[in-house]
Amino acid sequence: MIDLLLDDGSQSRFSDGYFGTVDGRPVCVLYKEGVFSGCSCDVIDLALKVGVPIVNVFNCEDFEISMKTLLDTSKFLMKMGLANGVIPRITVFLNKAHWLLSYQTDFVGMVENVEYSVVMPEIIKSFTGKEVEISAEFHAKSGNCHFLGESDEVVLSYVRKLLSFLPLNNMEDPPLAETRDDARRTIDFEIPLDPYQPFDMKALIAQVLDDEDFFEIQSSYAQNVITGFGRLDGMSVGIVANDPAYNLGCLDVEGIKKIMSFVRFCDAFNIPIVNFVDTPGFLPDFDQEIGGLAKYMSKLVDIYSQATTPVVSVVVRKAYSSFVVMGLTGADVVFAYPNSEFAVVDVDTDSSKLGKDRGDYVKEFREKAFEMFVNEVIDVKWTRSKLINSLRLLETKRKKLPPKKCDVI
């Protein structure tokens with residue numbers, strides 16, 4: 001199994017795991033199979049000591065109910081907590097698993113037929129009387145799982161690809177990949193003039209990236225928001241985008257949570273962030289309001305405000321109210337396409353309240369946005385080269401945050 005993850009001939013046994021390389025770059029692996037009866041944290045300590053990613057692979061059939069298992073799990077969670085923001089943490093489930101083993105991690109991968117839950121199904125049944133089957137697909141839709149695969153081979157290949165975008169630790173820059181893709185390559189993509197007509201945002205993103213290669217994260221969760229990794233002239237970048245094909249690209253609580261964790265990870269590991277903005281605002285729904293929309297909106301503002309990694313935004317079409325928390329706040333450079341629209345609430349509501357013709361309103365506020373905070377209006381075809389030039393300039397970005405002990409959650 002380890003041969004599927006680590007380069008041929010590179011793996012060496014170390015306590016409850018291995019160390020080796022993935023595409024020639026070092027990584028540590030905690031590997032457990034059979035009945036989980038606890039584990040040593042030696043390989044995690046090694047990963048922290050030398051500053052390399054830790055990949056936890058659980059290929060277990062069950063776990064042993066004992067105080068030793070409880071104690072070892074506590075130590076495991078503590079070590080993984082200490083690694084938070086220091087080294088990339090990836091956890092993979094290839095078989096049946098229950099309990100707390102995925103909590104302290106940045107990314108979770110699962111095989112499609114895996115059985116995973118924090119509370120065992122039989123305990124849920126004894127407490128509620130309900131038969132439950134918590135599948136990997138369920139975890140993907142709820143955001144607990146970042147990527148699914150139909151086999152062990154596929155899931156571990158995703159881990160290898162994910163690692164290719166990431167630095168070894170928080171003190172290093174992401175790896176620079178070789179590419180033959182021309183930095184000045186133009187893209188051919190037509191943005192619909194109707195601001196509410198859905199289109200394929202992922203296709204636009206892919207065209208902009210090197211070799212049109214976009215590695216999406218959490219594709220089944222909060223689908224009104226797109227997150228993932230790609231490269232621009234060999235540089236790793238994190239992509240955040242609204243998807244107008246789902247709820248018109250409105251921001252909601254789940255979408256904000258998805259962006260929060262992704263942007264925080266990118267910032268911790270020096271990965272530049274590129275926002276593609278096309279949103280009519282926040283999802284107008286009472287359940288969203290009582291579900292904490294204001295609270296999570298504020299937390300997202302905190303995260304973007306504190307970002308020390310480069311942040312570049314492209315206003316694709318609509319930049320209504322929620323643009324202020326995803327796209328404007330914290331951005332070093334803001335580009336906009338010529339027909340983009342801007343509004344404090346949304347164009348129809350604003351223009352109606354102000355008693356203005358919609359067309360006149362759009363023209364007036366577009367001109368104000370172009371004057372006040374849009375750095376440049378660009379043709380769609382030059383998106384790739386404009387982003388690459390901006391990121392090259394921002395490579396030396398320095399941002400000093402006010403001294404503090406920690407964030408208040």
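In which hand, left or right, does α1 pass α2 in their crossing? The structure discussed here is a predicted model, in which local features need pLDDT of at least 70 and side-chain atom pairs count only at pLDDT 80 or more, while totals for chains, interfaces and linings use all residues. Residues are numbered from 1 along each chain as its sequence is written, and side-chain values use heavy atoms, with hydrogens and water left out.

**Two helix pairs**

α1 passes α2 in a left-handed crossing, a term used if the near helix is turned anticlockwise from the far one by less than a right angle. Helices here are DSSP runs (H or I, at least four residues), as strands are (E, at least two), numbered from the N terminus. The table gives the packing of two pairs, with axes fitted as lines to C-alpha atoms over the stretch in contact and angles running from 0 to 180 degrees between N-to-C directions.

| Helix pair | Angle | Axes apart |
|---|---|---|
| α1 (residues 42-50) and α2 (residues 67-82) | about 10° | 10 Å |
| α7 (residues 253-268) and α9 (residues 293-306) | about 20° | 10 Å |

The angle makes α1 roughly parallel to α2, and likewise α7 is roughly parallel to α9, a label for angles under 35 degrees. The crossing of α7 and α9 is left-handed.

Contact (heavy atoms within 4.5 Å) joins Ile-44, Asp-45 and Leu-48 of α1 to Phe-76, Lys-79, Met-80 and Leu-82 of α2. By class, this contact has 5 nonpolar, no polar and 2 charged residues, where Ala, Val, Leu, Ile, Met, Phe, Trp, Tyr, Cys and Pro count as nonpolar, Asp, Glu, Lys and Arg as charged, and the others, Gly among them, as polar. In the other pair, residues of α7 including Val-253, Ile-256 and Met-260 meet residues of α9 including Leu-293, Tyr-296 and Leu-300, and the contact has 11 nonpolar, 1 polar and 4 charged residues.

On a 1 Å grid over the protein atoms alone, a cavity is a set of points where a 1.4 Å probe fits but cannot get out, and a pocket is an open set with protein on both sides within 12 Å along at least five of seven lines; lining residues have an atom within 4 Å of a point. Grid points are joined across faces, edges and corners, and a volume is the space filled by probe spheres set on the points.

The second largest pocket has a volume of about 440 Å³, and of its 17 lining residues the closest to its centre are Asp-173, Pro-174, Asn-270, Pro-310 and Glu-395. The count of cavities of 30 Å³ or more comes to 3, and the second largest cavity holds about 50 Å³. Strand β3 (residues 25-36) gives the most to the lining of that cavity, with 3 residues.

Key. Parallel < 35°, antiparallel > 145°, perpendicular 65-115°, else oblique.
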